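Good morning, and thank you for joining. Please look at the display first.

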Amino acid sequence: MVKSFFLSGIGGQGIQLLGKILLYAANEVGMNGSYFPTYTGTRRGGYSFCRVLCTEERVGSPELPTY
């Protein structure tokens, strides 16, 4: 089972915190995962993105494979 989340927001660290919480929750139930944060160059009020991948298999990359 693979669950992929792409979260985005403006300003602050809420999106990054939510991504880390998802990753920690997946770890608590025995899943593997990866967390890949992305920020824009703006000091305040910039865009913040985060990709979280949770799976029962080993994770070698934060991107989903294309089939």
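I begin with threonine 55: a polar atom of its side chain lies 3.2 Å from the backbone nitrogen of glutamate 57. This is a predicted model, in which local features need pLDDT of at least 70 and side-chain atom pairs count only at pLDDT 80 or more, while totals for chains, interfaces and linings use all residues. Residues are numbered from 1 along each chain as its sequence is written, and side-chain values use heavy atoms, with hydrogens and water left out.

Is threonine 55 buried or exposed? Its relative accessibility is 6%, so threonine 55 counts as buried, the term meaning under 20% relative accessible area with a 1.4 Å probe and protein chains only. Leaving aside residues up to four places away in sequence, threonine 55 touches Met1, Val2, Met31 and Asn32; contact means heavy atoms within 4.5 Å.

Threonine 55 is found in strand E3, where strands are DSSP runs of E with at least two residues, and helices runs of H or I with at least four, numbered from the N terminus. Three strands form an open antiparallel sheet in the order E1-E3-E2; two strands pair if DSSP finds at least two bridges between them. E1 (2-10) and E2 (32-39) each have a single partner strand, so one side of each is left without a neighbour in the sheet. E1 and E3 (residues 47-55) pair over nine bridges, with serine 8 opposite phenylalanine 49 in E3. Helix H1 (residues 14-28) packs on the sheet, touching E1, E2 and E3.

Terms used:
Axes fitted to C-alpha atoms, helices over the stretch in contact; angles between N-to-C directions. Buried < 20%, exposed > 50% of the residue type's maximum accessible area, 1.4 Å probe, protein only. Polar contact = N/O pair within 3.5 Å; in protein donor to acceptor, adjacent residues only side chain to side chain.
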